[in-house]
Amino acid sequence: MERGREKTKVFDGSNTSTGRLASSSFLDTLASFFEGRGAFLFLVPALILIGIFVVFPVVWDVYVSLTNASLVGPSARHYSFVGFYNYVRLFRDFLFINSLKVSFAFTVLSALIGQAFLGLALAMISRMEGIRGKMIVTTIVFIAWVIPGVVSGYAWSAVTAQQGLIASILSLFGYKVKYALYFTHPFWVIVIANIWRGTAFSMILFTAALEGIPRYIYEAAEVDGATPWQRFRHVILPLISQAILVDFILITIWTFGVFALPYMILGPGGGRGNAGQIWTLYIYFKAIDNFDIALAAAASNVMFVIVLALIIAYLWSMKHFRRW
Amino acid sequence: MVEKNYALTAVIYIFLAVVFAFFIGPILWLILSAFNPNASPAFTLPSHFSLVNFKKLLVPVGNVIPLQWILNSLIISLASASIATGVSILSAYVFARYTFKGQGAMLTTFVILRLVPPIVIALPIMILYKWWHLIDTYTGVILVLSALILPFALLVAESFFRSLPVEYEEAAMVDGCSRFGAFLRITLHLAIPGITTIWLLSFVTAWSQFVIPLMILRNPALMPGTVGLSYFFGEYGRVDFGRLSAFSVLFSLPVVIIFLAVQRYLRRGIAGLVSR
């Protein structure tokens, strides 16, 4: 391929063409500099930007986590190397262990169960014929996904307030809400809010996967007399297994990183008894409210390692799964 | 085609109705309260629709008028999206049209960086920016947001350039164009719809960013809309729901419009996550 193109150029070396495309010789003169190796200069801006503002900070974070740095006070300026002390402190910290548990439950319930199941159900329905109004529903689900997280957080804190929408729905069933739900049930409120916010991604992914299944396969199963459940269990499910795996990994990674939504509803403390203090809130809380940036850095490194493992799992699944 | 299964159809309609109510509830409350002069968390129709909450966006909070935050978002997002798109086009072209050592590893790195949660970068950036004197500067926010969006923009641009046939460029080169000239005049021209999409998606990504500006912008006059909203919400004892909702509606509007416009490309991009 590469060689073929070089040959074309050699053939063209006479430069006798007077085509319209060759009329601006200034750009071409300038551009001849970029021929061959020079083209790699095009990579430089991207590498500098990512190197300085993404890769270096992540590496720097590892260094900070090995010191006793603080946001304010004497150890903000002059700090010293303390080895793995912060990691020891981290795993002895009740709040950190709590945030691990909360994050894990939050991810399983809101993403793997809530978003994935609801998304799959909606994708299945949007593939069905003769169902009216499915476009309106999927569009609203999509809009809930694209609204900035801060705005959804604000809306959900109002909806779950003492006189909010959910409280008035509950009162229809005779359940009297005495305090704001985000106060009495902080964890469940962020789980529900995150299902609300993130379902669209799974829905779109599964819709795409279902569209990849040829129609004759459904029809063959129907002719063979399979019930809807059998068709789903033995025909559709195996065919979208890779999509399910990819969806699980990606929504897990994103749910680990969710910040704006729980921050707006519960604040960095994560609500009463830190019941909703997921990992990201813990990091923010330690760094900004407790000024303990070394500990926050250690926590964010542990998180990074876990996310990295998930990303590698994702890349692996892309490589080793044959597409239906 | 299929004999109608009425029970199943009924279940599906009930399910859709419940899902619809669940998803529209918070959005509807947001819109209703934005036009309600006596807004509260309660879900009620306003006694009369009024724009008084939107007018209040011109009344200062502290020493900043809320509309300023939307303007700040506009400056930050325009700049970050443009830098990220411009830089990504240059390198994506090299990735799509050349083969070199370490290419695969670099692309894999971009995939990884694209998925790293922003808070992992926000914390060290805040410490580093103290030394680099970039706290409370637009330069600082714009640079880090551009870098954050870049891996995504680059991967999309790369697959887009790859999908454009190389033959057009070769034809231009036969006609006397240099390779770079062919890129400028042919490929870039063909890529305009793709580049527009990348720019728009970068723009909305920057627009919604929260944790990074939250940690590096402390001066209320510089905050973008996301941080402004949280500042607005947290700072005062008695929350003015009408004003906050009006601000939220105004702030979400551009994002919703852009996303609905590029929906088709977005769906295709997500489909590409499964099969590559």
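## The nonpolar core

A nonpolar core is a set of buried Ala, Val, Leu, Ile, Met, Phe, Trp, Tyr and Cys residues joined through C-beta atoms within 7 Å. In this predicted model, the largest such core has 179 residues, and Val141(A) and Leu150(B) have the most contacts inside it. Helix α6 of chain B, residues 138–163, gives the most to this core, contributing 17 residues. Domain 1 (6–50) and domain 2 (57–274) of chain B both give residues to the core, so it lies between them.

Beyond its neighbours within four places in sequence, Leu150(B) is in contact with residues of chain A, namely Ala46(A), Leu49(A) and Ile50(A), and with Ala84(B), Val87(B) and Ser88(B) of chain B.

## The domains of chain B

The domain assignment of chain B gives domain 1, residues 6–50, and domain 2, residues 57–274. Taken over C-alpha atoms, the centres of these two domains of chain B are 32 Å apart. Their contact takes nine residues from domain 1 and six residues from domain 2. On the side of domain 1 that touches domain 2, six residues are nonpolar, three are polar and none is charged.

## The contact between chains

Chain B gives 86 residues to its contact with chain A, and chain A gives 91 residues. The side of chain B that touches chain A divides into 64 nonpolar, 16 polar and six charged residues.

## Confidence in chain A

The average pLDDT of chain A is 85, and 86% of its residues score at least 70. Over residues 1–23 of chain A, pLDDT stays under 50; for this stretch the model has 23 contacts beyond four places in sequence.

Conventions
Residues are numbered from 1 along each chain as its sequence is written. Chains are lettered from A and ligands numbered from 1 in the order in which they are written. This is a predicted model: local features need pLDDT of at least 70, side-chain atom pairs count only at pLDDT 80 or more; totals for chains, interfaces and linings use all residues. Domain bounds come from an automatic or database domain assignment. Two residues are in contact if their C-beta atoms, placed from the backbone, lie within 7 Å. Ala, Val, Leu, Ile, Met, Phe, Trp, Tyr, Cys and Pro count as nonpolar, Asp, Glu, Lys and Arg as charged, and the others, Gly among them, as polar. pLDDT is the predictor's confidence in each residue, from 0 to 100. A residue is buried if 20 or more other C-beta atoms lie within 10 Å of its own, exposed if 12 or fewer, and partly exposed in between; C-beta atoms are placed from the backbone. Helices (H or I, at least four residues) and strands (E, at least two) are DSSP runs, numbered from the N terminus.
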